[in-house]
Amino acid sequence: MQIYYYDRKTGEYSGEEAAQLDPLESIKTGASVFMVPAFATIAVPPPQQEGYARCFVGGNWVQSEDHRGKTIYNTADAVPIQITELGPIPVGYTTLPPCAYPKWTGTQWVSDIEQARQNKLAQLAAYRYARETAGINVNGVTIKTDRESQAMVTGANLFSDLNPDTLIDWKGASGWIQISREMLTAIGQAVGAHVQACFSREKEHTMAILALATVEEIEVYDITAGWPL
């Protein structure tokens with residue numbers, strides 16, 4: 001006679017071996033009595049089925065879904081997890097891999113054009129900021145255009161308006177210089193024009209992106225074209 005072992009927690013079949021006689025009980029009863037250890041049974045398990053594990057539950061063998069090792073995806077946010085336990089795929093998950101900018105329809109993933117659009121607009125804003133703050137050249141002098149430097153140029157122009165005969169000590173990207181009111185005005189105009197040009201170009205790109213009709217068009221749209229030098 002065979003005995004069949006199962007896992008103490010899940011009931012999953014784990015092997016079998018020939019049962020051993022219980023000598024004392026066999027003598028007492030005058031019949032062959034076999035020893036069945038804990039977490040074992042003499043009930044014969046069913047044949048193995050693909051995608052299932054044989055489990056001894058409630059005194060009977062049952063077929064339990066086995067997706068262990070598979071990657072499944074949360075239908076709310078497409079975040080993947082790996083299945084490590086027996087049982088059906090949890091509600092709210094699917095084995096279908098998500099596409100780009102995934103949105104779950106209830107039966108499949110589709111690309112969410114608005115998600116793609118917002119992603120492209122975020123890339124555009126970051127690119128505009130990088131171009132805006134990269135600096136400019138005014139009459140051979142490299143002028144910083146980060147947000148702090150923009151504020152300093154504005155402040156220096158205000159000071160120069162109130163003190164027109166005073167030369168301004170200015171630390172540019174290439175070192176210290178003294179600048180007159182006229183030169184400071186030119187720098188302020190150049191910085192302001194540069195910043196405005198960057199925002200105007202971002203607006204043009206934004207309008208173009210908003211007019212695109214497919215995810216594919218949005219993905220290939222070039223946000224780097226047409227910016228001021």
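At 13% relative accessibility, does Trp-61 count as buried, exposed or partly exposed, and what is the answer for this residue? Trp-61 counts as buried, because its relative accessibility is 13%, where buried means under 20% relative accessible area, exposed over 50% and partly exposed in between, with a 1.4 Å probe and protein chains only.

This is a predicted model, in which local features need pLDDT of at least 70 and side-chain atom pairs count only at pLDDT 80 or more, while totals for chains, interfaces and linings use all residues. Residues are numbered from 1 along each chain as its sequence is written, and side-chain values use heavy atoms, with hydrogens and water left out.

The structure holds seven aromatic pairs, where rings of Phe, Tyr and Trp (its six-membered ring) pair if their centres lie within 6.5 Å, and planes under 30 degrees apart count as stacked, over 60 as edge-to-face and the rest as tilted. In one of them, the ring centres of Tyr-13 and Trp-61 are 6.1 Å apart and the planes stand at 65°, so the pair is edge-to-face. This pair links distant parts of the chain, since Tyr-13 belongs to strand β2 and Trp-61 to strand β7 (residues 60-65), 48 residues apart; strands are DSSP runs of E with at least two residues, and helices runs of H or I with at least four, numbered from the N terminus. Tyr-13 counts as partly exposed, because its relative accessibility is 22%. Ring pairs also link Tyr-6, Tyr-13, Phe-39, Phe-56 and Trp-61 into a cluster.

Turning to helix α3, residues 147-162, its buried residues are Ser-149, Gln-150, Val-153, Ala-156, Asn-157 and Ser-160.
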